[in-house]
Protein chains: 2
Amino acid sequence: MTLTYPNFAFDITHRDQKSGARLGLLKTPHGTIETPNYIFCGTKAAIKALSPAQMIEAQTDIILSNTYHLMLQPGADLIEKMGGLHKFMNWNGPLLTDSGGFQVFSLGEGAMANEIKGKNHGKGHENKNLISITEEGCVFRSYVDGRKIKLTPESSMEIQRKLGADLLMQFDECTPYHVDKDYTARSMEMSMRWGDRCLAQFERHDNGAQGLYGIIQGGVHADLRRISAEYTADRPFFGTALGGCLGGSDEEMETVVAASLPYAHAERPVHFLGIGQIKDVFRFVHMGVDTFDCVIPTRLARHGSAFMQGVPGETINLKNAKYREDNTPLDERNAVSASCNYSKAYIHHLLKAGEILGMQILAQHNVATINRLMREIRTAIRSGTLDKLEKEWRTH
Amino acid sequence: MTLTYPNFAFDITHRDQKSGARLGLLKTPHGTIETPNYIFCGTKAAIKALSPAQMIEAQTDIILSNTYHLMLQPGADLIEKMGGLHKFMNWNGPLLTDSGGFQVFSLGEGAMANEIKGKNHGKGHENKNLISITEEGCVFRSYVDGRKIKLTPESSMEIQRKLGADLLMQFDECTPYHVDKDYTARSMEMSMRWGDRCLAQFERHDNGAQGLYGIIQGGVHADLRRISAEYTADRPFFGTALGGCLGGSDEEMETVVAASLPYAHAERPVHFLGIGQIKDVFRFVHMGVDTFDCVIPTRLARHGSAFMQGVPGETINLKNAKYREDNTPLDERNAVSASCNYSKAYIHHLLKAGEILGMQILAQHNVATINRLMREIRTAIRSGTLDKLEKEWRTH
């Protein structure tokens, strides 16, 4: 296979002496980003409550959108016809799409994060819209209009090609937590075969505009994770992603990553799918993860919460009555209007009054806070002060 | 009475030769605006779905907020404590508050516009939260927590003083359409006595920071409108507002204005309360109205509609399937991202997907469109081409 990704590059420019942390430059046709970095979720071709201009004000480098949602509405053909996802959503920076598999296999939107983190106590696949999983791919029912839809490694690649993001993900089965090791092993092996089919399909249409990530599966089993990681390293993927079930506790998640990364390709960017609390970012930057994504910056905003440096639980909830007369801004260290120009009392009022602006302010603050976190992390890696920075951000 | 409004001015700089249209400069402590102009509604101390920065991008000069909503939540005392409404909502330009009366007397939020325009077929006051109207003032039940609240001319002035807007409205009874002339006359006379009490209360605390408008009532009756207009002209109000029931048709509304404005003070700014479709703006600018306000720019956005120059009904609805593959932007004549950088197909997608960004884009587009309308109207008055401009904007 001859995939060379001529318009992409990942240069590791600095390695931390005390940990696996590293600085990198991830080059795409829509610009180069510094890593470690954070990829914000624009699930349905839009960041919840924020315009691209507001994302840029918050110093955002890269965003993602979800293949599953877009293939159902408005459809990949329409987006291709409209000039591709960058143009469609007015985002000219680097852009990633996932494969669609995660949402198909997850237990419904609200339960996804619990599933990744092993907090779902059901057994096996319980997504009521999932009809079948076979070697060919999977069949599910559209949440938009109920029609049956087949998604295969080949069709996921085709859809992602039409969407036109810079960074793509292979199609994989996102194995749940509460299945036995045999199921997880068989599933992982199928995801590896699916990965090969993705590479073959990708190569058929490759014009240099996109870079494909392989995904490490294997559940919470160290031996399986190693096999899957070595598989991705042996194939001509551009990058490596950590996927699937990551265990039931922080420690288990760390074990899974420790069992995976040493066997991943050492020179490729590593993306952690769906993970992105502040504590996670610190832990996994230490272990060599280069990019993160998670819905929480904007989801927290919709629940009235703001990321805050150095507070227990990483967030404060502005709905709390104690902010009713708090005339201080959210955080003037973020050079963005949302964090500097409104009092907590005002945001409290907006949330109580049901004003969309409240959510918008919190969303921009949360994005700006995470972007500042990532900038400070990069600076700290360069100066060897990552542990000190972690102490400033986290309370234990 | 010695009210002189030293920090306020209204200079009429040009008068149209063919109509009552005029250009003016309305000076307030937070800046001078050119008139005719449009005052956008930030009902609960926030423009629906838009930040102050987005309002400024859309070239907005002046906004308003509603005393009724703010007195109930978060309360005028809190806003005063937080430094006043300008600081609270991060709006540093001219700002107007109404008296609270309109919402108290209206039949509930959805029915207000119908009531002004005489389209409500109920009889008398049917607001289920309104408990009593007496000479002293009115008593109503808070929609927030059910407590009984009294609002009087004096308390309305006190609340508006604490809120700290530049332009204030006297407290008046907003008489419904379907009451007889006797009721309307008695109501108007009471509003005149209330106006005197407002002036007295205003003067007690006047520090030059605020300017008070008197309101012309009198329902659809020309003789009453004249009496009310002459009343406002005889009192030391800074400006004149057109309020109350304006009739059941466009013609009736025009008759009401024609019966009022000749008797209003000729040198004071005239504000039209709650009126602001494009056709209304043209008709009443012709008759000498200087400022308008209406919720429709942002309300239309929430319903998926965009103001559009020269289309029947003034708007298009982006939910319509015909926009599914329409790759054109809303209107590149508006120099704002919302109007230029997104295709109708994308906005259609956002609305179908329930993304807040769709509403935000439409709200900013609608505000920008109305602001462009007002700029073009001012230019046309200067060059004597108002009729030509109206033909470009309106289809009949």
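**Fold, contacts and local backbone features of a predicted two-chain model**

A:Asn207 lies in the loop that links α8 (181-205) and β11 (211-216) of chain A. In this predicted model, A:Asn207 counts as exposed because it has 7 C-beta neighbours inside 10 Å, and a residue is called exposed at 12 or fewer.

Chain A as a whole contains 16 helices and 16 strands. Its C-alpha trace extends over about 60 × 50 × 40 Å along the principal axes. The radius of gyration of chain A is 20 Å, which agrees with the value near 21 Å that a compact globule of 396 residues would have. Of the 396 residues in chain A, 55% are buried. Among contacts in chain A with a separation of 6 or more, 68% are between residues 24 or more positions apart.

The confidence of the prediction was examined next. For the complex, the predictor gives an ipTM of 0.95 and a pTM of 0.95. The average pLDDT of chain A is 93, and 94% of the residues score at least 70. Where pLDDT is low, the predicted coordinates should not be read in detail.

In chain A, the axes of helix α15 (residues 356-383) and helix α16 (residues 386-393) come within 8 Å and cross at roughly 150°. An angle over 145 degrees counts as roughly antiparallel, so α15(A) and α16(A) are placed in that class. On the side of α15(A), the residues of this contact are A:Leu373, A:Glu376, A:Ile377, A:Ala380 and A:Ile381, and they meet A:Leu386, A:Leu389 and A:Trp393 of α16(A). By class, seven residues of the contact between α15(A) and α16(A) are nonpolar, one is charged and none is polar. An α-helix has 3.6 residues a turn, so residues three or four places apart point the same way.

In chain B, helix α8 (residues 181-205) packs against helix α9 (residues 222-234) at an angle of about 0°, and the axes are 11 Å apart. The helices α8(B) and α9(B) are therefore roughly parallel to each other. From α8(B), the residues B:Thr184, B:Ala185, B:Met188 and B:Met192 meet B:Leu224, B:Ser228 and B:Tyr231 from α9(B). The contact of α8(B) with α9(B) consists of five nonpolar and two polar residues, with no charged ones.

Another helix of chain B, α7 (residues 153-163), is mostly covered, with eight of its 11 residues buried. The buried residues of α7(B) include B:Pro153, B:Met157, B:Ile159 and B:Leu163, and also B:Arg161 and B:Lys162. Just after α7(B), B:Gly164 has a positive phi of about 85°.

The contact between the chains involves 31 residues from chain A and 31 residues from chain B. On the side of chain A that touches chain B, the elements giving two or more residues are α3 (76-81), α4 (85-89), α14 (344-352) and α15. Of these, α14(A) gives the most, with five residues. The side of chain A that touches chain B comprises 16 nonpolar, nine polar and six charged residues.

In chain A, A:Gln73 and A:Pro74 are joined by a cis peptide bond with an omega of about 5°, and A:Pro74 sits in the loop between α2 (67-72) and α3 of chain A. In chain B, a cis peptide bond with an omega of about 0° joins B:Thr35 and B:Pro36; B:Pro36 is in the loop between β3 (31-35) and β4 (37-41) of chain B.

B:Tyr5 is not a glycine but has a positive phi of about 50°. B:Tyr5 belongs to the segment before β1 (9-15) of chain B and counts as partly exposed, with 18 C-beta neighbours inside 10 Å. B:Glu314, also not a glycine, has a positive phi of about 75°. B:Glu314 is located in the loop between β15 (305-307) and β16 (315-317) of chain B, and is buried, with 21 other C-beta atoms within 10 Å.

Terms used. Residues are numbered from 1 along each chain as its sequence is written. Chains are lettered from A and ligands numbered from 1 in the order in which they are written. This is a predicted model: local features need pLDDT of at least 70, side-chain atom pairs count only at pLDDT 80 or more; totals for chains, interfaces and linings use all residues. Axes are lines fitted to C-alpha atoms, for helices over the stretch in contact, and angles run from 0 to 180 degrees between N-to-C directions. Helices (H or I, at least four residues) and strands (E, at least two) are DSSP runs, numbered from the N terminus. Angles under 35 degrees count as roughly parallel, over 145 as roughly antiparallel, 65 to 115 as roughly perpendicular and the rest as oblique. Two residues are in contact if their C-beta atoms, placed from the backbone, lie within 7 Å. Ala, Val, Leu, Ile, Met, Phe, Trp, Tyr, Cys and Pro count as nonpolar, Asp, Glu, Lys and Arg as charged, and the others, Gly among them, as polar. A residue is buried if 20 or more other C-beta atoms lie within 10 Å of its own, exposed if 12 or fewer, and partly exposed in between; C-beta atoms are placed from the backbone. The radius of gyration is taken over C-alpha atoms; the globule rule is 2.2 Å times the number of residues to the power 0.38. pLDDT is the predictor's confidence in each residue, from 0 to 100.
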